[in-house]
Amino acid sequence: MTEEELYILLDSWENIEIVTQELSHSPEKFGILMNIALNKSEQRSWRAAYLADKIHDDFPGLLKPYLPDIIKKLKIEKNASKRRHWLKLISMNKIDPQYSGFLVDYCLNAFTSAKEAVAVRVHAMQILFNISEIEPGLKPELLAVIEHEMEYHSTAGILSRGSKLAKQLHKQIK
């Protein structure tokens, strides 16, 4: 499957399962999918990001070489759906310490932004927690931010994940 063929297949949701099967059986073609997801801006690129997320569930190793590019893409990504997928994927993988500073700033802004979709905020909160596991000095501040967001800007998703993470943070801080 060429990039052009994949790009055409991404034009329709009916083809998503076919593409998923093809890429699952030919992991070397995952790079073609990631090129579309990272470097295109049309709806097809969002579908490519969705597929990368779906394929990651079964083949997490395929995504690792693309994590630095995904993190860099957050700086300029306008599409909320792609931000949701990128943050979810980042939250499910080990974070290279060289990106911790950027991710803390980005995720604090995303998590506390009322303009962001709930899923984006929840994944940003998870990334902040993951970074606090590496940088324990962040734990008290993160706990305060989570409790603030749960009290003043709560949604079902924020309350669910926030409660779990706050409970863990309380145990870790004491």
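Let's start with charge. The protein carries 23 positive and 23 negative side chains. Lys and Arg count as positive, Asp and Glu as negative, and His and the chain ends are left out. The centres of the two sets lie 5 Å apart. Each charge is placed at NZ of Lys, CZ of Arg, CG of Asp or CD of Glu.

A word on the source. This is a predicted model, where local features need pLDDT of at least 70, side-chain atom pairs count only at pLDDT 80 or more, and totals for chains, interfaces and linings use all residues. Residues are numbered from 1 along each chain as its sequence is written, and side-chain values use heavy atoms, with hydrogens and water left out.

Now the fold. There are 10 helices and 0 strands. Helices here are DSSP runs of H or I with at least four residues, strands are runs of E with at least two, and numbering goes from the N terminus.

Overall dimensions next. The C-alpha trace spans about 55 × 30 × 25 Å along its principal axes.

Surface. The accessible area comes to about 9000 Å², and 53% of that belongs to carbon and sulfur atoms. The method is Shrake-Rupley with a 1.4 Å probe; for residues, only the protein chains shown count as cover.

How much is buried? Of the 174 residues, 46%. Buried means under 20% relative accessible area, exposed means over 50%, and partly exposed is in between.

On to contacts, meaning heavy atoms within 4.5 Å. Take those between residues at least 6 apart in sequence: 67% join residues at least 24 apart.

Inside, the largest nonpolar core has 52 residues. Such a core is a set of buried Ala, Val, Leu, Ile, Met, Phe, Trp, Tyr and Cys residues joined through side-chain atoms within 4.5 Å. Leu33, Trp86, Ile90, Leu103 and Ile146 have the most contacts inside this core. Helix α8, residues 118-134, gives the most to it, with 8 residues.

Look at Ile146. Beyond its neighbours within four places in sequence, Ile146 contacts Phe111, Met125, Gly162, Leu165, Ala166 and Leu169.

Leu33 takes us to helix α3, residues 30-39, where the buried residues are Phe30, Leu33, Met34, Ile36, Ala37 and Leu38. What do they pack against? The partners are α1 (3-9), α2 (16-25), α4 (43-58), α5 (67-74) and α6 (80-91).

Leu10 sits in the loop between α1 and α2. Its relative accessible area is 0%, so Leu10 is buried. Leaving out residues up to four places away, Leu10 touches Ile16, Ile36, Arg44, Arg47, Ala48 and Leu51.

Met1 lies in the segment before α1. Met1 is partly exposed, at 22% relative accessible area. With residues up to four places away set aside, Met1 touches Leu6, Leu9, Glu22, Lys29 and Ile32.

Last, Lys164. This lysine lies in helix α10, residues 156-173. Buried or exposed? Lys164 counts as exposed, because its relative accessibility is 56%. Its C-alpha atom is 23 Å from that of Asp53, 111 residues away along the chain.

Conventions. Buried means under 20% relative accessible area, exposed over 50%, partly exposed in between (1.4 Å probe, protein chains only).
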